[in-house]
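Thank you all for coming.

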Amino acid sequence: MKEFRAYYSRWRMTLILLICLGFVTLGLFLAGVIGEPPDPDAWSRRRRSIPPELFPYFGWFCAAVFGIGVPVILKRFFDHEAQVAIGAAGIRISRWSEATIPWSEIQRVSVWRYQHQKHIILHLHRPEAYPGRGIAARLARVNRMLTGGDIAINLVGTDGKFDDAMAAISHFGGRALFD
């Protein structure tokens, strides 16, 4: 078996970018920046969901949150390096670290499912030896609480397939990692 490599998928990044831009536009519309906002009283009465006085705040919140995603996605669109590499040497997750985690450091591998998404969870012997970087490192504690593992591998936005990654882990790391 050859090494598994997952790269950012341009069409998936484009789709996610369009979704973000749509939510930014919707947020600006609800805030009254673009065009005439909908009548909050009529909309809220009909839907019985958002209080009318919160419409502008909800719009600004939506525009800000999804607006942050636009430059992040644009940066990823031009990133041509493998995001996940699984081979004889071990596993490298570029969002986590530039270091390759050798198979001898991986205690076990599990799967965590959430809303039809599957994540590969690595349980390390010495997690402190492979510190994360960026937002992945800041969210590591929350990740451990949710998944019970040290590092989560998510293939969303890449051209990699979950089953191919699991097959590569089984081939290179051995079936004993799944027990």
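Let me begin with a definition: a crossing of two helices is called left-handed if the near helix is turned anticlockwise from the far one by less than a right angle, and right-handed if clockwise. What you see is a predicted model, in which local features need pLDDT of at least 70 and side-chain atom pairs count only at pLDDT 80 or more, while totals for chains, interfaces and linings use all residues. Residues are numbered from 1 along each chain as its sequence is written, and side-chain values use heavy atoms, with hydrogens and water left out.

With that term in hand, the crossing of α1 and α3 is left-handed. Helices here are DSSP runs of H or I with at least four residues, strands are runs of E with at least two, and both are numbered from the N terminus. The axes of α1 and helix α3, which covers residues 55-77, come within 7 Å and cross at roughly 155°; these axes are lines fitted to C-alpha atoms, for helices over the stretch in contact, with angles running from 0 to 180 degrees between N-to-C directions. Angles under 35 degrees count as roughly parallel, over 145 as roughly antiparallel, 65 to 115 as roughly perpendicular and the rest as oblique, and α1 and α3 are therefore roughly antiparallel to each other.

Staying with helix α1, residues 10-31, we find that this helix gives the most to a nonpolar patch, with 6 residues. The patch lies on the surface, includes Trp-11, Phe-23 and Trp-60 among its members, and has about 860 Å² of accessible area together. Patches are made of residues with over 30% relative accessible area and no salt bridge, like charges being joined within 9 Å and nonpolar side chains (Val, Leu, Ile, Met, Phe, Trp, Tyr) within 5 Å; the areas come from the Shrake-Rupley method with a 1.4 Å probe, and for residues only the protein chains shown count as cover. Trp-11 lies in helix α1 and is exposed, with a relative accessible area of 58%, where buried means under 20%, exposed over 50% and partly exposed in between, with a 1.4 Å probe and protein chains only.

Now to the charged pairs: how many salt bridges does the structure hold? There are 5, a salt bridge being a side-chain nitrogen of Lys or Arg within 4 Å of a carboxyl oxygen of Asp or Glu. Glu-105 forms one with Arg-126, the closest N and O atoms being 3.0 Å apart. Because Glu-105 lies in the loop between β4 and β5 and Arg-126 in the loop between β6 and α4, the pair ties together parts that are 21 residues apart in sequence. Is Glu-105 buried or exposed? Glu-105 is buried, with a relative accessible area of 11%, whereas Arg-126 is partly exposed at 40%. Salt bridges that share partners also join Arg-92, Glu-98 and Arg-133 into one network.

Most residues other than glycine have a negative phi. Phi of Gln-115, however, is positive, near 45°, and phi of His-116 is positive as well, near 65°. Gln-115 counts as exposed at 60% relative accessibility, and His-116 is exposed at 88%.
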